[in-house]
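Dear colleague,

My findings follow directly after it.

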Amino acid sequence: MSEPALLEIDALNVSIGAAEILKNLSLEVGAGEILGLVGASGSGKSMTALAIMQLLPPHARLRGAVRLRGDPLTGKSEAALRGIRGRDIGIVFQEPMTALNPLMHIGDQVAETVRLHRSVSAAEARMLAREALDLAGLRGAQGALERLPFELSGGQRQRVAIAMAVVLAPALLVADEPTTALDVGTQAQVLRLLQDLAHRRNMGLILITHDLAVVAQVTDRFALMHQGEIVEQGATGQMLGQLRHPYGRALLAAADLKPKRSVPVRESAPMVLQAQGIVRDYPRRRRSLWHAAAPLRAVDGVSLSIHAGETVGLVGESGSGKSSLLRVILALETPQAGEVRVLGEMFSTARGAALRRLRRSIQVVFQDPYGSFDPEWSVERLIAEPFYLLDAPPAAAERRRKVAKVLEQVGLSASDARRYPHEFSGGQRQRIAIARALITEPAVIAFDEAVSALDVLVRAQILELLAELADRLKLAYLFVSHDLHVVRSITDSVYVMQQGRIVEHGPTQTVFEGPRHAYTQALIAATPRL
Amino acid sequence: MSDSAPRNLGFFVGALITLSFFGMAVAAQYWTPYDPAVLSIVEKLQRPSLHHWFGTDQLGRDVLSMVMAGARNSVEVASVSVIIGVLLGVPLGFTAAARRGVIDEVIMRGNDVVFAFPALLLAILITAVLGPGAINAVVAIGIFNIPVFARVTRGGALQLWTRDYSLAARAAGKGPLRISVEHFLPNLVGLLVVQGTIQFSLGVIAEAALSYVGLGAQPPDISWGRMLNEAQTLTALAPSLALFPGFAVLLFVLGLNLLGDGLRRRRERAP
């Protein structure tokens, strides 16, 4: 027998209380190999990462073996493990916002990892930190050691996290959904960086993701996890085409989003939403005592319109001004210039009764299925909240009937009205959010990254539901997203936004098949494909 | 499981102590072993006995009855001052968070001014201006509570304003006031209860201190602070006179803090 593999996991079982989280899990990763670990949320992917690092929660019980270069990690003392973590195994987490200490210079954060493991001088540690940041693509002023995390974008923060993980040249890197919180362009760069590191340093890489397209693009081998078990594993190229496990097939089917609209929109349909020349400035921090700072122009003269029953996409990277535009369109913020009309009536300057009447016609679904609901309110009360817009809100019995009706429309049951948001999964919560948007029978619903936080399978189901509702209830949608797959599958026409401006718009199919603007082309090129 | 046991113990012990003092305060309203206002020079300075569990003071009053009456006084002063703080501080905090800008600055800088004075100094200042007395002590301690609750409320509300559900409520046409009351208040109750418990214990200490220097409860009203003050001259003769009110303050404040801490931990652990 030759050298043992870099990492071997042998019949690993992890349970917390009575719940078995990981069942009989066996994996191997060789040096320089990229292994994808794919599964739905709750399938045990992250728990596997924590088991490799021996960072399981205190109540967890572990059986089986984890070996690094043949040396068992299980059963090592905490002190010995601390020496291994960071030096031999690095980890990158999903959330670049919370993985860094907000009050510490990024150079110091990277250098700290060095000094914990090697007795080097502060200057040497800073030099190594500089090298690692360079390697992670944060060169020059952009990656100056004195910068603080809040000055960096999400992608840059993720690069700092990667620099921290690779500064000691670990033999193995575990990356837990490292690009899920990033938009396409940044995702492509970060993936390329990870791939590059693995090949150049002969480093083993475990890439945890729920996105098969990412797996197809980056990994050498992958393992499919389902309910704590590995149900299939093999070489990426071979296996993708011939997945046998039903879950894998479902994933594959869901990843391949087909256009879902069946009823074509007539050009003659009346306009339900028109935005004309919207400008939205945000004040910037004053830097001089004498001059106010020039404001930040988030939205710069944007116009868009939506016909009755039409589904319109708004795509762009984070920071392109999509969310600011959406807030103006929803009359939650006042634009510096321009106007918004709903059903032909002035919305952006409406006040009092007129504003409330128009608000009934435009409702919204937000991204975060966890933050969109007051945790103290029952589902019935939450869904009925927009009734506040009616002059004569329905009485108790009528209200209950209407809430039951929308709950059934979104595929939940009437009895769910008495429950509370925390009792529901992410996908179910998004259904509740859709029900809340439907309750006033609006003409148009805006979706702010409404499916980005969902698992691939759940996302496919929600999109199915949205397409069906649009056809049945003659709804128009404004679909704001950075996910081009999603936008392509559900919209009739699309607007592409960059730095506060619309750079391209047209029918979805035309734009995707023959993008004219360089930015659109770059976005489409950056999107991982199966 | 194992590491939560001592925390729970703290919470239960705190709750038990707090409840017994509240019970004592309520009981004192209707019944004490002896009338704490009745003097009986014949029985002065007795040691603890079966008749007088805590002994008697230099005027022959029953110390147990006085401690009970003092508990009533403490609970009254501390509760009313917390209520003053909540009633004024919470709306101020909500307003500051909802309006931001100039109004926020004015409210919060006003709070800073009140905060800049040490609590007790402020209370002495106020009672010195308004004149000594239990009511003025309540007002003085209450004023100090206002910025505390305003800050806690503002901080909590600012965080909740970033949640999507506040946007959803605005999309449903609701104004800042309604959103604050309907959505934020229920979500901040836990936080306010924890802060209330802490302020309550500070109120108990402040009341005792004010009465000790003669700016709080006036005779014939009974307060732990005044009992301590009176016992001070007799420490050599009857040390137990200072012991009982002193212990009462200590135990009550300890109980309230254990309770507050336990409540905070429970909140943090809740989903």
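Chain A of this predicted model exposes about 23200 Å², of which carbon and sulfur atoms supply 51%. Of its 530 residues, 54% count as buried. The secondary structure of chain A comprises 18 helices and 20 strands. Its radius of gyration is 25 Å, close to the 24 Å that the globule rule gives for 530 residues, so chain A is as compact as a globular protein of that length. Along the principal axes, the C-alpha atoms of chain A fill a box of roughly 75 × 60 × 45 Å. Among contacts in chain A with a separation of 6 or more, 68% are between residues 24 or more positions apart.

One part of chain A that I would draw to your attention is an open sheet of four strands, ordered β12-β11-β14-β15, with antiparallel pairing. The edges are held by β12 (296-307) and β15 (345-346) of chain A; each has a single partner strand, so one side of each is left without a neighbour in the sheet. Nine bridges join β12(A) to β11 (residues 271-282) of chain A in the antiparallel sense. Within this pairing, A:Ala275 has A:Leu304 of β12(A) as its bridge partner.

Helix α10(A) packs on this sheet and touches β11, β12 and β14 (337-342) of chain A, its direction making about 60° with that of β12(A). Six of the eight residues of this helix (residues 322-329) are buried, so α10(A) is largely enclosed by the rest of the structure. The buried residues are A:Lys322, A:Ser324, A:Leu325, A:Leu326, A:Val328 and A:Ile329. After the helix comes A:Ala331, which has a positive phi, near 60°.

Turning to the nonpolar cores, the largest has 41 residues, and those with the most contacts inside it are B:Phe184, B:Phe200, B:Val204, B:Trp224 and B:Phe252. Two or more residues each are given to this core by α1 (5-30), α2 (63-99), α5 (134-161), α6 (164-171), α7 (176-212), α8 (224-232) and α9 (240-269) of chain B. The largest share, eleven residues, comes from α2(B). Leaving aside neighbours within four places in sequence, B:Phe252 is in contact with B:Ile17, B:Thr18, B:Phe21, B:Phe22, B:Val75, B:Phe200, B:Val204 and B:Trp224.

With kind regards

Technical notes. Residues numbered from 1 in each chain as written. Chains lettered and ligands numbered in written order. Predicted model: local features only at pLDDT ≥ 70, side-chain atom pairs only at ≥ 80, totals over all residues. Heavy atoms only, no water. Buried < 20%, exposed > 50% of the residue type's maximum accessible area, 1.4 Å probe, protein only. Core = buried A, V, L, I, M, F, W, Y, C linked by side-chain atoms within 4.5 Å. Contact = heavy atoms within 4.5 Å. Pairing = 2+ DSSP bridges. Axes fitted to C-alpha atoms, helices over the stretch in contact; angles between N-to-C directions. Rg over C-alpha atoms; globule rule 2.2 N^0.38 Å. Areas by Shrake-Rupley, 256 points an atom, 1.4 Å probe, with all protein chains shown as cover.
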